Amino acid sequence: MCLLGLASLPAMAQQTPCNAGHPVKLADQTWESATFTMHVVKALLETAYGCKTEVVPGTPAATESALAQNDLQIIAEIWSGRSPIIEKAAKAGDVRVVGDTLQGGAQQGWYVPDYVVHGDSTRGIEAVAPELKSWRDLPRYKQLFRDPEDPSKGRFLNCPSGWVCEQTNSRLLEIHELNDDYTNFRAGTGAALDSAISAAYDRGVPILFYYWQPAGLMAKYKFAKVEQDAFNQECWDTIVSGQGTLCSSDFLTAKLGIGVSTPFAQANPEIVAFLERLSFQAPLLNKMVLDMTESRAEGRDIATRFLRDNPDIWHAWLPADAAARADAALDLTQPTAAGRGIFPDWSVAEFVNQRLVAIVKHYGESLRKVSEVILTKVLLPVERLMQAIPAWLFLAFVAVLSWHGTRKTLPTILYVICLYAIGAVGLWDKLMQTFSLVLVSTVFSIIVGIPIGILAAGSKVLRRVLTPVLDVMQTLPSFVYLIPVLMLFGLGKVPALFATIIYAIPPLIRLTILGLHQVDRNVMEAAQSFGVTRWQMLLRVTLPLARPSIMAGINQTTMMALAMVVVASMIGARGLGEDVLAGIQTLDVGRGLQAGVAIVILAIIIDRITQAYGRPRRRRQAMRQQEGK
């Protein structure tokens with residue numbers, strides 16, 4: 001009996017469920033290489049070790065904080081020396097970083113397209129900066145990378161706000177004293193940065209940016225690295241932390257590892273051993289990421305393709321029995337089913353992408369010139385005017401406008417106090433940036449929307465054509481508008497303006513049509529009996545009577561413009577939305593909350609004042625008389 005009991009011990013050990021039967025929660029972070037690696041780990045955990053898994057998406061700061069609390073068990077890509085959250089958790093013993101997932105480490109730095117330095121004979125591009133070698137050469141080439149918003153400077157495309165690399169790049173610009181020569185431009189999101197680089201490369205124009213590998217663009221394009229000073233660990237530590245005396249250093253060649261919560265690691269040593277052996281070569285990982293981005297495939301599909309095509313690589317990560325179980329479960333000898341059941345493949349994504357790339361290549365320069373005219377002649381002058389107005393004068397103007405529209409003392413005082421509070425927390429300039437873009441977007445929407453509404457009100461055919469178009473414009477998610485305008489017009493305020501107009505104009509057109517249709521026909525017939533012309537009928541009869549409905553449309557358009565301007569911070573529109581985005585990406589609740597409250601205050605003030613002016617004059621006079629009694 002004793003011998004039988006001892007003989008059964010190995011079998012019992014093999015039957016011990018992975019992670020005590022609890023799901024292993026893996027972080028799905030916001031960039032392709034991390035997503036791909038996570039799906040590879042997920043597939044092997046399920047097939048080789050019989051684990052139950054759960055994927056939890058989130059930003060780096062959010063997922064790293066969750067890992068430290070064991071709310072997540074695995075983060076597939078951790079960069080050494082870049083995350084204070086992970087370093088603090090590792091010192092506290094809450095997190096372990098295991099393995100070396102990228103052979104040779106992750107390269108990062110400042111780059112330009114290779115044709116800028118060496119030219120490209122196949123595309124007919126001559127080298128425009130053949131002597132550009134290091135950061136010391138950048139000041140004399142600043143006009144080559146000219147910033148449209150400040151033509152006296154070049155533009156350096158930094159990481160999105162809130163990323164650790166954004167802070168290190170900003171400090172390097174300060175150390176090299178390049179802030180007087182270059183604008184430190186934050187892209188908003190990693191996808192926006194990629195789009196800006198791709199659009200510039202496809203057009204063959206100069207661009208200066210920070211980038212890293214593993215990344216798909218490293219496999220797709222050829223970049224030339226701008227050399228930094230020799231690497232110095234002490235200087236690098238001060239650059240990352242911002243503490244101590246800043247000194248110059250090259251970027252750290254980061255080691256990529258897998259973050260594991262300590263309780264999970266202690267309970268599952270065989271899984272940790274597998275993660276410690278997991279490793280990719282840089283060209284292969286870059287290729288996987290490129291396939292993922294170009295084919296628009298899910299990380300899960302690319303991971304499955306990798307496992308099928310490269311069993312010799314991942315077999316080395318697993319014990320023989322675990323590899324055999326994975327082979328059997330994945331059934332790698334069978335090809336992936338290409339069919340989609342009863343559904344044909346009618347996707348138009350590739351067609352749209354090809355057309356968009358062709359437009360960028362052939363008309364990109366013309367579109368950028370249009371963008372520059374709008375930026376320099378409209379957007380920047382309005383923004384500079386708003387920022388030049390003394391704060392007290394702007395507050396006084398809002399008070400007068402509110403009082404004239406509402407004739408209510410308490411709301412007027414509250415509006416001024418709330419706006420003053422926004423300035424008190426240091427957000428006045430960003431408030432003016434946001435308000436300027438909302439103002440210009442609303443004016444453009446009015447200029448375009450009201451005439452279209454007037455024409456549609458008088459034409460049944462035009463209304464039938466416009467109705468489905470407006471339906472689509474109002475129901476498409478706001479993020480969708482950012483994609484094409486980003487490729488066509490680049491990063492910054494101009495694409496934000498176009499996206500905002502497209503998103504915000506439909507309610508103004510609809511309510512203009514509605515208001516004109518609601519004008520009393522008897523009034524119009526009476527006016528016609530006096531011999532008014534069509535223009536007199538429009539300007540003196542129908543438009544004044546339709547004014548409440550049109551003003552309601554302007555109100556709705558303004559609110560939607562404000563919402564879209566905040567979202568447009570993802571493509572570098574700046575303003576209050578930039579702080580909200582940075583707060584999300586860094587889990588800086590206070591920063592995000594301050595900016596969010598400022599947006600709410602601005603929205604309420606605009607809404608109440610425009611609503612007040614949208615009421616019929618007689619109704620406003622009646623309300624004033626009642627308040628006087």
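Colleague: Is Arg 140 buried or exposed?
Modeller: In this predicted model, the relative accessible area of Arg 140 is 51%. Because the cut-off for the exposed class is over 50%, Arg 140 counts as exposed.

Colleague: Which side chain meets that of Arg 140 in a salt bridge?
Modeller: The search of the whole structure finds 21 salt bridges, and one of them has a distance of 3.1 Å from N to O and involves Arg 140.

Colleague: Where do Arg 325 and Asp 321 lie?
Modeller: The side chains of Arg 325 and Asp 321 form a salt bridge at 3.6 Å, N to O, and Arg 325 is partly exposed at 40% relative accessible area, while Asp 321 is partly exposed at 45%. In an α-helix there are 3.6 residues a turn, so residues three or four places apart point the same way. The two residues are four apart, about one turn, and both lie in helix 15.

Colleague: Arg 591 and Asp 579 meet in a salt bridge, but how many residues apart in sequence are the parts that the pair ties together?
Modeller: The side chains of Arg 591 and Asp 579 meet at 3.5 Å, N to O. Arg 591 lies in helix 27 and Asp 579 in helix 26, so the pair ties together two parts of the chain. Arg 591 is partly exposed at 31% relative accessible area, whereas Asp 579 is buried at 7%. The parts tied together are 12 residues apart in sequence.

Colleague: Which strands stand at the edges of the open sheet of five strands?
Modeller: The order of the sheet is 2-1-3-11-4, with mixed pairing. Each of the edge strands has a single partner strand, so one side of each is left without a neighbour in the sheet. These edge strands are strand 2 (53–57) and strand 4 (95–98).

Colleague: Which residue in strand 11 is the bridge partner of Val 98?
Modeller: Strand 4 pairs with strand 11 (residues 256–261) in the antiparallel sense, over four bridges, and helix 11 (residues 269–277) lies across both of these strands and strand 3, running at about 45° to strand 4. The bridge partner of Val 98 in strand 11 is Ile 258.

Colleague: Why does His 176 count as buried, and at what relative accessibility?
Modeller: His 176 lies in the loop between helix 6 (164–175) and strand 8 (182–186). Leaving aside residues up to four places away in sequence, His 176 touches Trp 110, Trp 135, Gln 228, Asp 229 and Ser 248. Because buried means under 20% relative accessible area, His 176 counts as buried at a relative accessibility of 6%.

Terms used. Residues numbered from 1 in each chain as written. Predicted model: local features only at pLDDT ≥ 70, side-chain atom pairs only at ≥ 80, totals over all residues. Heavy atoms only, no water. Buried < 20%, exposed > 50% of the residue type's maximum accessible area, 1.4 Å probe, protein only. Contact = heavy atoms within 4.5 Å. Salt bridge = Lys/Arg side-chain N within 4 Å of Asp/Glu carboxyl O. Pairing = 2+ DSSP bridges. Axes fitted to C-alpha atoms, helices over the stretch in contact; angles between N-to-C directions.
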